[in-house]
Amino acid sequence: MLGPTGALMGAGLGGKTALITDGRFSGASRGFIIGHVVPEAILGGAIALVQDGDRIVIDTVEKTIDWIVTPEEEARRRKEWEAAGRNQVRVTRGVLKRYARDVQVRQQLISTHYD
C-alpha cells in the first residue's frame, strides 16, 4: 500500500482521504489507512460492492465503519457481482495462485493502537 498511500499524500489528499482495503500493508505506509478488512472482497465482503461516490462513515471513537447504502441497493449489487463471477479466483498459475489457495482469511482483527 506504499504506492497508493504515497499517491494520496502526493496529491495533497492525506488529510482528507482514508484508504480502506482488504489488502495488507507495511508500517512504511502513511496516512489514514484501514486494512485487513474482513470478510475480504473475494468472499463477498461489502468491500467488493463499494462503488465510486458511495458514502462511508468512519467513526474512530466508536471504532465503526458504516457503508451508507440501502439493503435493496446492496442486494442488487451483490446479485450483479455474483452473476459476473467476481467471487471466483481467476488466477491459474504462479505465486498468486498459491497465495489464493493457501492463505486463510483473518478471523481476528489486529490493532497497533491501544487504549
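The model is a predicted one, in which local features need pLDDT of at least 70, side-chain atom pairs count only at pLDDT 80 or more, and totals for chains, interfaces and linings use all residues. Residues are numbered from 1 along each chain as its sequence is written, and side-chain values use heavy atoms, with hydrogens and water left out.

The side chain of R78 meets that of E74 in a salt bridge, with an N to O distance of 3.6 Å; a salt bridge is defined here as a side-chain nitrogen of Lys or Arg within 4 Å of a carboxyl oxygen of Asp or Glu. Side chains of opposite charge can pair when their charged atoms come close. E74 and R78 are 4 residues apart in helix α2, a separation of about one helical turn, helices being DSSP runs of H or I with at least four residues and strands DSSP runs of E with at least two, numbered from the N terminus. E74, at 27% relative accessibility, is likewise classed as partly exposed.

In total, the structure holds 5 salt bridges. Salt bridges with shared partners join D54, E73, R76, R77 and E80 into one network. Within helix α2, which spans residues 71-83, R76 and E73 are 3 residues apart and thus separated by about one helical turn, and their side chains meet in a salt bridge at 2.6 Å, N to O. E73 also forms a salt bridge with R77, at 2.8 Å from N to O, and these two residues lie 4 residues apart in helix α2, about one turn of the helix. With regard to accessibility, R76 is partly exposed at 36% and E73 is partly exposed at 22%, whereas R77 counts as buried at 7%.

A nonpolar surface patch is formed by I42, L43, V89, V91, L96 and Y99, which together have about 550 Å² of accessible area. Patches consist of residues with over 30% relative accessible area and no salt bridge, like charges being joined within 9 Å and nonpolar side chains (Val, Leu, Ile, Met, Phe, Trp, Tyr) within 5 Å, while accessible areas come from the Shrake-Rupley method with a 1.4 Å probe, for which only the protein chains shown count as cover of residues. One of the patch residues, V91, lies in the loop between α2 and α3 (94-102) and is partly exposed, with a relative accessible area of 34%.

Definitions and conventions
Buried < 20%, exposed > 50% of the residue type's maximum accessible area, 1.4 Å probe, protein only.
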